[in-house]
Amino acid sequence: MITVDNLVMRFGGFTAVNGASLTIREGSITGLIGPNGAGKTTLFNCIAGVLKPTSGTVTMSGEAITGLAPHQLFHKGLLRTFQIAHEFSSLSVRENLMMVPADQSGETLWNTWTRRRRIAAEERANMKKADEVLEFLTIDHLADEKAGALSGGQKKLLELGRTMMVDARIVFLDEVGAGVNRTLLNTIGDAILRLNRERGYTFCMIEHDMDFIARLCDPVICMAEGGVLAEGSIAEIKADPQVIEAYLGTGLKNKVTAQ
Ligand SMILES: Nc1ncnc2c1ncn2[C@@H]1O[C@H](COP(=O)(O)OP(=O)(O)OP(=O)(O)O)[C@@H](O)[C@H]1O
């Protein structure tokens, strides 16, 4: 469980997150919505160690994790997906997955010289795991493709696959559905649901696609002006007058009230 208490993030004189408090329940797929500029990504970055909050606390299962760096959170099983780095785009999909696990013996030159056999065994295990991940995500046919040649949606699946290489406990997804066609979006949605139900992953996802949220998320938290405005089921959120008001004038009202 992640608990955020009274989190504030200021950039110079501008307050992007203004005393946000929320809980991400263990085993949930929690949706984070809100109009543009509400502070969703900034809040994500504060939780995931990309930004150090100005004030406030973040705890994970009761342990203080405020301000920890991404690699420290990584070892605790808390991950935020990132776009495939430019320098990895010429590597194959399988190689991209194999690069993820931490503590590989091959990381230092000394180990490379002295522990060749162990490194070879780890590499084999790593490759097996990468192939299992690709099969789970139904993209095993893409294993030898260059990551840079994948479609936007396939890249999102690969980003999700990277979290599976280290058996993440809680994963933060930032607009995983943006610009992805319906078919692939369904595949991504299926993978998220299976990871949640079969492997116990907790997810927190920022999303603008209300259909995608309705299919996956409970609860849904709505942010506005740096704070948490409302929390509930998608039906409750869509009917909440404060939420509708927050979306008014942003051109997104129809998004939240449609259906
Ligand atoms: N590094 C930064 N420096 C200054 N202002 C920033 C910085 N990062 C974000 N902001 C501002 O903080 C506010 C919140 O931005 P944020 O990206 O968190 O919103 P969001 O809810 O994720 O929006 P969107 O849905 O459009 O992605 C915005 O007004 C943005 O311009």
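User: When two residues are said to be in contact in this predicted model, what does the word mean?
Analyst: The model is predicted, and contact is judged from C-beta atoms that are placed from the backbone. Two residues count as being in contact if these atoms lie within 7 Å.

User: How many residues of domain 1 are in contact with domain 2?
Analyst: The chain is divided into domain 1, made of 1–77 together with 168–259, and domain 2, which covers 84–166. Where these domains touch, domain 2 contributes 11 residues, and the number of residues of domain 1 in contact with them is 13.

User: Which element gives the most residues to the side of domain 1 that touches domain 2?
Analyst: The elements that give two or more residues to this side of domain 1 are helix H2 (70–75) and helix H7 (182–199). By class, the side has 9 nonpolar and 4 polar residues, with no charged residues. The element that gives the most, with 5 residues, is H7.

User: Is Met 60 buried or exposed?
Analyst: Met 60 has its place in strand E4, which runs over residues 55–60. Because 20 or more other C-beta atoms within 10 Å make a residue buried, and Met 60 has 21 of them, Met 60 is buried.

User: Is Asn 6, a residue with a positive phi, exposed or buried?
Analyst: Most residues other than glycine have a negative phi. Asn 6, in strand E1 (residues 2–11), has a positive phi near 55°. A residue counts as exposed if 12 or fewer other C-beta atoms lie within 10 Å of its own, and because Asn 6 has 12 such neighbours, Asn 6 counts as exposed.

User: What is the phi of Glu 225 near?
Analyst: Glu 225 lies in the loop between E9 and strand E10 (227–232), and with 15 C-beta neighbours inside 10 Å it counts as partly exposed. Its phi is positive, in a residue other than glycine, with a value near 45°.

User: What is the omega of the peptide bond from Asp 218 to Pro 219 near?
Analyst: Pro 219 is found in the loop between helix H8 (210–216) and strand E9 (220–224). Most peptide bonds are trans. The bond from Asp 218 to Pro 219 is cis, with omega near 5°.

Terms used: Residues numbered from 1 in each chain as written. Predicted model: local features only at pLDDT ≥ 70, side-chain atom pairs only at ≥ 80, totals over all residues. Domains from an automatic or database assignment. Helix = DSSP H or I, 4+ residues; strand = E, 2+ residues; numbered from the N terminus. Nonpolar A, V, L, I, M, F, W, Y, C, P; charged D, E, K, R; others polar.
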